[in-house]
Amino acid sequence: MVRKQTNRGFVIREAREEDLPVMVGFLAKLALHVTGAPPHDLKESEYKRLIRTLHSSLDDPNKLLIVAESRRGDLVGMGYIYVWRSQGIWEQLEATEFKSGVIDDVWVEPEFRKLGIFKALLRDLVDFAEQHHASELILEYSASNLEAKAAWTKLGFETTGVRAAAFTSVVKQAVAESKQ
């Protein structure tokens with residue numbers, strides 16, 4: 001991907017190894033934003049895990065990590081997409097491969113929102129999905145994140161299912177209590 005100048009002077013470019021620490025910071029801010037938790041530092045083990053995860057995506061041809069860089073050279077946003085392949089679960093006359101572009105994380109620093117950075121990041125993520133022949137885009141966001149819901153709905157995303165989450169210990173306890 002070539003560096004792309006947006007109309008506001010920001011550059012959208014592929015992420016590099018030296019960008020990863022800032023990107024981990026963005027992921028932490030995103031998680032705090034979604035949960036509404038007060039700011040706090042990541043555990044060292046979680047920081048290292050996220051660095052490894054992002055690093056493994058840099059050279060994967062089916063994944064794209066991009067960043068938004070300000071005129072001063074500071075990173076102010078990021079986007080991440082990967083191509084997911086499936087064969088489907090139903091009997092088919094011939095093998096068919098379905099491809100989806102999974103948008104995993106998009107973040108723009110609050111003071112840089114409403115400047116076109118989100119749309120510029122999304123354009124590159126969608127282009128990547130198209131280049132990899134993905135027929136659909138999939139993403140998830142927290143039901144409590146009304147800002148995300150509004151942004152994604154405005155772009156044509158519709159809720160197609162519900163993802164539920166629970167701690168393993170809670171489910172284990174509920175199963176144990178419901179035995180008959």
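## Positive patch

K114, K119, R123 and K154 form a positive surface patch. Patch residues have over 30% relative accessible area and no salt bridge, and like charges are joined within 9 Å. Lys and Arg count as positive, Asp and Glu as negative, while His and the chain ends are not counted. The place of a charge is NZ of Lys, CZ of Arg, CG of Asp or CD of Glu. A salt bridge is a side-chain nitrogen of Lys or Arg within 4 Å of a carboxyl oxygen of Asp or Glu. Areas come from the Shrake-Rupley method with a 1.4 Å probe, and for residues only the protein chains shown count as cover.

The model is predicted: local features need pLDDT of at least 70, side-chain atom pairs count only at pLDDT 80 or more, and totals for chains, interfaces and linings use all residues. Residues are numbered from 1 along each chain as its sequence is written, and side-chain values use heavy atoms, with hydrogens and water left out.

K114, a member of the patch, sits in the loop between β5 (98-108) and α3 (117-131). Helices (H or I, at least four residues) and strands (E, at least two) are DSSP runs numbered from the N terminus. K114 counts as exposed because its relative accessibility is 83%; the classes are buried under 20%, exposed over 50% and partly exposed in between.

Most residues other than glycine have a negative phi. In K114, phi is positive, near 70 degrees. H133, also not a glycine, has a positive phi of about 60 degrees.

## Helix α3

The 15 residues of α3 reach 21 Å from first C-alpha to last, close to the expected 21 Å at 1.5 Å a residue. That expected span is 1.5 Å times one less than the number of residues. Buried in α3 are I117, A120, L121, L122, D124, L125, F128 and A129.

## E97 and the whole chain

E97 lies in the loop between β4 (75-86) and β5 and, at 42% relative accessibility, is partly exposed. Its C-alpha is 6.5 Å from that of R85, 12 residues away along the chain.

The protein chain has 5 helices and 6 strands, in the order β-β-α-α-β-β-β-α-β-α-α. Of its 180 residues, 33% count as buried. Along the principal axes, its C-alpha atoms fill a box of roughly 65 × 50 × 30 Å.

Terms used
Patch = residues over 30% accessible without salt bridge, like charges linked within 9 Å, V, L, I, M, F, W, Y side chains within 5 Å. Buried < 20%, exposed > 50% of the residue type's maximum accessible area, 1.4 Å probe, protein only.
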